[in-house]
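Subject: Structure for your review

Dear colleague,

Please find the sequence and structure below. My findings follow directly after them, and I would be grateful if you would read the two side by side.

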Amino acid sequence: MAVTKEQKSGIVKKFQRADLDTGSPEVQVALLTARINEMTVHFTTHKKDKHGVRGLVTCVNRRRKLLDYLKHSDKTKYESLIKELDIRK
């Protein structure tokens, strides 16, 4: 279904910059990627869920904007994040 609280906290701990960091672009992209992966599985079985596709497109666009920001601000973090999350080939 959705990303559980335990999964979310594990993702935040893996990608955070400091101890209390939950809003850095790396964390946000990782959380959005987990959510997108969950939604993609949902849409493979529920092909006629057109209203849910809108939410998926919104998440993908938000992730793309954060990745563009990260690419312009810090190229090395961008490349390592892309490689670690296996987003672009």
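I begin with helix 3, which has 24 residues and reaches 35 Å from its first C-alpha to its last. That span is close to the 34 Å expected at 1.5 Å a residue. Helix 3 covers residues 50-73. Please bear in mind throughout that this is a predicted model.

The buried residues of helix 3 are G52, L56, C59, R63, L66, L67 and L70. As for their partners, the buried residues of helix 3 pack against helix 2 (25-45) and helix 4 (75-85).

The mean pLDDT of the protein is 94, and 98% of its residues reach 70 or more. Helix 3 has the highest confidence, at a mean of 96, while helix 1 has the lowest, at a mean of 94.

Turning to the overall architecture, the secondary structure comes to four helices and zero strands, and the elements run α-α-α-α from the N terminus on. The C-alpha atoms fill a box of roughly 40 × 30 × 20 Å, taken along the principal axes. Of the contacts between residues at least 6 apart in sequence, 47% join residues at least 24 apart.

Is V12 buried or exposed? V12 counts as buried because its relative accessibility is 13%, which is under the 20% cut-off. Leaving aside neighbours within four places in sequence, V12 is in contact with D21, T22, V27 and L31. Two of these partners, V27 and L31, fall within the residue range of helix 2 (25-45). The C-alpha atoms of V12 and T22 are separated by 6.3 Å, although the two residues are 10 apart along the chain.

Finally, some totals for the protein. Buried residues make up 31% of its 89 residues. The protein exposes about 6,600 Å², and carbon and sulfur atoms supply 56% of that area. There are 20 positive and 11 negative side chains, and the centres of the two sets lie 8 Å apart.

With kind regards

Note on methods:
Residues numbered from 1 in each chain as written. Predicted model: local features only at pLDDT ≥ 70, side-chain atom pairs only at ≥ 80, totals over all residues. Heavy atoms only, no water. Buried < 20%, exposed > 50% of the residue type's maximum accessible area, 1.4 Å probe, protein only. Contact = heavy atoms within 4.5 Å. pLDDT = per-residue confidence, 0-100. Helix = DSSP H or I, 4+ residues; strand = E, 2+ residues; numbered from the N terminus. Expected span 1.5 Å × (residues − 1). Areas by Shrake-Rupley, 256 points an atom, 1.4 Å probe, with all protein chains shown as cover. Lys, Arg positive; Asp, Glu negative; His and termini not counted. Charge placed at Lys NZ, Arg CZ, Asp CG, Glu CD.
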